[in-house]
Amino acid sequence: MFLQISDITKVYTQQNVENKVLSSINVDIQEGEFVSILGPSGCGKSTLLSMVAGLLKPTEGEIRLKGSVITKPGKDRGMVFQQAALFPWMTVEENVLFAIRDMKDTEEREKRALHYLKMVQLGSNLKQYPHELSGGMQQRVSIARALAMDPTVLLMDEPFGALDEQTRLRLQQELETIWLQTKKTVLFVTHSIHESIKLSDRILVMGTRPGTIIADIKVDAARPRLRTNEEVARLESQISAMLEKEIDKVVEEELRR
Ligand SMILES: Nc1ncnc2c1ncn2[C@@H]1O[C@H](COP(=O)(O)OP(=O)(O)OP(=O)(O)O)[C@@H](O)[C@H]1O
């Protein structure tokens, strides 16, 4: 199996109080799949993604990428966060070049940076600085930077969460086009049901307290997926009912305290 998440449990301990955030997470992901992780706030989506990134260690269980256990961050996993996190003193081009600074051949390196910056439609913004760009453009630089590293897996943690609706729709389209071109394996955390249906081959729906996977849904609808598509509408109401139930559970628990 390409990416294998086996029997993962995560417990955070703060001031001697244990908080089990994830329990019995088992997922097998195939190469080239676009998988979304969807769930209520606080269910452990980012924790799970950070463990795949190697930024956090599981309390129990293991994650294997192409057979090797993940123990730390690596170049085989590119990460895109909600905030672009670019170096403000570097230009757009320099930000991408920096990520691939290990490439010896300077000409190849520049070609690669330009290729991915063109892919996210920033070929004319190479010499601009992050503060001269809109939030959406900054996020496109961080996507180009992650792609330029040619990772085996692209890990995206609510990459469009901080953007306005129009920019978000635009970037969803761009990401879908890029994914169809590159066929990278993508693990994508989102709050948005529609975003997950629009982009994914598969949606892992998470329940909460502790976080578990309550449904593993295949999305077969033809792309591009419009809201008017019957399958899209059916999935949207199915998943929305599931999440509503989870959120009701949390509210009830809180009120009982
Ligand atoms: N470093 C940490 N130390 C202690 N508890 C943490 C830590 N990071 C996250 N948590 C707790 O773990 C739970 C899951 O957090 P996580 O950020 O993974 O959820 P999420 O599903 O990504 O949430 P959101 O959708 O709101 O971003 C939360 O209750 C959070 O308070």
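**Figure 1. Overall view of the predicted chain and its confidence.** The mean pLDDT of the chain is 94, and 100% of the residues score at least 70; pLDDT is the predictor's confidence in each residue, on a scale from 0 to 100. The structure is a predicted model, in which local features need pLDDT of at least 70, side-chain atom pairs count only at pLDDT 80 or more, and totals for chains, interfaces and linings use all residues. Residue numbers start from 1 along each chain as its sequence is written. The model has an ipTM of 0.98 and a pTM of 0.93. The chain contains seven helices and ten strands, where helices (H or I, at least four residues) and strands (E, at least two) are DSSP runs numbered from the N terminus. Because its radius of gyration of 19 Å is close to the 18 Å that the globule rule gives for 257 residues, the chain is as compact as a globular protein of that length. This radius is taken over C-alpha atoms, and the rule is 2.2 Å times the number of residues to the power 0.38. Along the principal axes, the C-alpha atoms fill a box of roughly 60 × 45 × 35 Å.

Figure 2. Of the contacts in the chain with a separation of 6 or more, 68% are accounted for by residues 24 or more positions apart; two residues are in contact if their C-beta atoms, placed from the backbone, lie within 7 Å. Buried residues make up 34% of the 257 residues. A residue is buried if 20 or more other C-beta atoms lie within 10 Å of its own, exposed if 12 or fewer, and partly exposed in between, with C-beta atoms placed from the backbone. An unreviewed UniProt entry lists residues 3-235 as "domain: ABC transporter"; UniProt positions are given in the numbering used here, feature names are shortened, and annotations may be inferred rather than shown by experiment. The span 3-235 is 33% helix and 28% strand, and its end C-alpha atoms lie 25 Å apart.

**Figure 3. The four-stranded antiparallel sheet.** The strands of this open sheet follow the order β2-β1-β4-β5, with antiparallel pairing; two strands pair if DSSP finds at least two bridges between them. At the edges stand β2 (17-29) and β5 (68-69), each with a single partner strand, so one side of each is left without a neighbour in the sheet. Nine bridges connect β1 (residues 3-14) with β2 in the antiparallel sense, and Y12 stands opposite N19 in β2. Helix α1 (residues 45-53) packs on the sheet and touches β1, β2 and β4 (60-65), its direction making about 65° with that of β2. Axes are lines fitted to C-alpha atoms, for helices over the stretch in contact, and angles run from 0 to 180 degrees between N-to-C directions.

Figure 4. Five of the five residues of β3 are buried. From this strand, F34, S36 and L38 point one way, whereas V35 and I37 point the other way. In a regular strand the side chains alternate between the two faces of the sheet. Strand β3 pairs with β8 (residues 185-190) in the parallel sense over five bridges, and the bridge partner of L38 in β8 is T190. Four bridges join β3 (residues 34-38) to β9, again in parallel; in β9, V35 has R202 as its bridge partner, and S36 has I203.

Figure 5. Five of the six residues of β9 (residues 202-207) are buried, so the strand is largely enclosed by the rest of the structure. Six bridges link β9 to the antiparallel β10 (residues 212-218), where K218 is the bridge partner of R202. Four residues lie between the strands of this hairpin, in which R209 takes a positive phi near 55°.

**Figure 6. The covered helix α2.** Six of the eight residues of α2 (residues 92-99) are buried, namely V92, E93, N95, V96, L97 and A99. The cover over these buried residues includes α3 (106-119) and α4 (135-148).
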